[in-house]
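Hi,

Here is the structure we talked about. Please have a look at it first; my notes follow below.

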Amino acid sequence: MNLSDEKSLQLALKEGKLCSPVFIYGNEEYLKKAYLDKILGKRPQGGLSAFNDIRMDFALLEPQKLADALLSPPMMADYKTVLVFDVVPKEISAELFKELEGLFKQLYDDCRAVFLEKSGAVDDKRDEKSKKLIKLFDKYGTVIQLRERTETDLLKLLRQRAEKAGCTLTPSAQKLLLARCGREMAALYSELDKLCAYRPGGEISEADVGTLVVRQAEDHIFQLSRAVLRGNYEQAMQILQDLLVLRIPQETIVGTLAQCYIDLYRARAASAAGIGVARAAEDFGYGRRTFALENALRDQRGLSEQYICYALDILSDADLRLKSTSNDAQTVLQSAVTALFIREPGKGRGAC
C-alpha cells in the first residue's frame, strides 16, 4: 500500500487499515515525526517497556537482532512497537534486502514496525535502491511519503492554529512569518505560539512578527559563513544540512553567502582606501546594516584579496549550476561550501 497523500493516510489510521511494516520518508520533518507518533501509539511504560518498545539505529543494525525484534511476541501486551530510524537505502546490501523480505513475509499483526528514513536519504526518482525499498514496503506493508506543504496550505494552517489560540493573523503578518521561518512547520508553529502568547486574544500584526520572529534563514546562513571563516568544516556542513532541512531555497543560501563575501570585499576596499566604516556604509547604501560592514572589516584582515575574489567566483558558479535542472542542488551546495575552505586558490583563480 502506497499512501502519498495525507487524506488517505488519515483515513487508513482512523479505520485501522494501516499495514505493517511502514516506511516513512519525505521532506517534511514535522509531519514525519507527527505521523510516526500516531502510528506507533503511546510508548509502553513499566518494566516490560524494553521488550515491547524497541528502537534500533539503522547504522548499527544487526539482522538477527532485527529478526528477534520483529518476530518475537509482545510481553503481556496487545502489541509491540519496533522503530528502525535513520534508514539509508544506498547502504542496504542485496543480502539485507533479501533478509528484510523474508522477515516481512512472517510479520504478525501484533507488531507495529516502522522504518524511518534518514533526512534526505531517499531519492525515489534516480536511486535504484530507494525504488527497490519502496517497492518492498509497498508489497508487504505501507509506504508513506510526506511532502512539504504548499504555501497556501501553510497559511491556512497558521490561521487555524492562531484561531485555536484565540488570536488572528493579518495577511501581511502571515506572509512575513512564512518569509522569516521558511516552510519548516516546527519552526512556524514555534514562532506562532510565541506570537500568540505575546498577543493573547488579539490581532498579530506584521510589526509584531518583525519584532519577535528571528530571521532564521539569514541567521543560519550568517553562522554558516562564520564557520567557514573560522575553518570549522564539520560545523559548516551541519549548518548547511540544517538549512536544507528547513527547506530554505538553495538560491537564498548561495545569494546570502555571496552577500557576506561582497561585504568582505567592500570592507577590504574601504580599508585600503583609508575610508571609515560610516562613510563606506553610506557610500554603499547599507543603511541599518552598517553592522554587517563593521563585521566584514574585522573578518577581512586575515584573508587575501585573491581568496575573497575566488570565493565570489565559486558562489557565482554555484548559482549558475543551481539554475540548471541537471544538477543536484545538495551536491552543488556541499561542493561550493567545501571549496570555500581553500584559502590559497591556484593560479588563474580569484580575479575580481
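Strand S2 (residues 22-26) is mostly covered: five of its five residues are buried. Buried means under 20% relative accessible area, exposed over 50%, and partly exposed in between (1.4 Å probe, protein chains only). Strands (E, at least two residues) and helices (H or I, at least four) are DSSP runs, numbered from the N terminus.

This is a predicted model: local features need pLDDT of at least 70, side-chain atom pairs count only at pLDDT 80 or more, and totals for chains, interfaces and linings use all residues. Residues are numbered from 1 along each chain as its sequence is written, and side-chain values use heavy atoms, with hydrogens and water left out.

Back to S2. Val22, Ile24 and Gly26 point one way, Phe23 and Tyr25 the other way, and all are buried. In a regular strand the side chains alternate between the two faces of the sheet.

S2 has these neighbours. It runs parallel to strand S5 (residues 111-117), joined by three bridges. Val22 has Val114 as its bridge partner in S5. S2 also pairs with strand S6 (residues 142-146), in the parallel sense, over five bridges. There, Gly26 stands opposite Leu146. Two strands pair if DSSP finds at least two bridges between them.

Next, the rings. Rings of Phe, Tyr and Trp (its six-membered ring) pair if their centres lie within 6.5 Å; planes under 30 degrees apart count as stacked, over 60 as edge-to-face, the rest as tilted. By this rule there are eight aromatic pairs. Phe23 and Tyr25 form a stacked one, 5.7 Å centre to centre with 20 degrees between the planes. Phe23 is buried, at a relative accessible area of 1%. Tyr25 is buried too, at 7%. Tyr233 and Phe341 have ring centres 5.2 Å apart and planes at 70 degrees, so this pair is edge-to-face. Tyr233 lies in helix H12 (residues 233-245) and Phe341 in the segment after helix H17 (329-339), so the pair ties together parts 108 residues apart in sequence. Tyr233 is partly exposed, at 40% relative accessibility, whereas Phe341 is buried at 19%. Ring pairs also link Phe23, Tyr25, Phe104, Phe115 and Phe137 into a cluster.

Two charges sit over rings (NZ of Lys or CZ of Arg within 6 Å of the ring centre and within 35 degrees of the ring normal). Arg112 lies over the face of Tyr79, 3.6 Å from the ring centre. Lys132 lies over the face of Phe97, at 4.4 Å.

Now the cores. A nonpolar core is a set of buried Ala, Val, Leu, Ile, Met, Phe, Trp, Tyr and Cys residues joined through side-chain atoms within 4.5 Å. The largest has 42 residues; Leu224, Val228, Ile253, Tyr261, Tyr307, Val337 and Leu340 touch the most other members. Elements giving two or more residues to this core include helix H11 (216-230), helix H13 (250-272) and helix H16 (305-322). Another core lies apart from it, with 38 residues, among them Leu155, Ala162, Ala173 and Met185.

Last, Asp53. This residue is in strand S3 (residues 53-57) and is buried, at 11% relative accessibility. Its side chain makes polar contacts with those of Arg55, at 2.8 Å, and Thr81, at 2.7 Å. A polar contact is a pair of N or O atoms within 3.5 Å; within protein, one must be able to donate a hydrogen and the other to accept it, and residues adjacent in sequence count only if both atoms are side-chain atoms.

Best wishes
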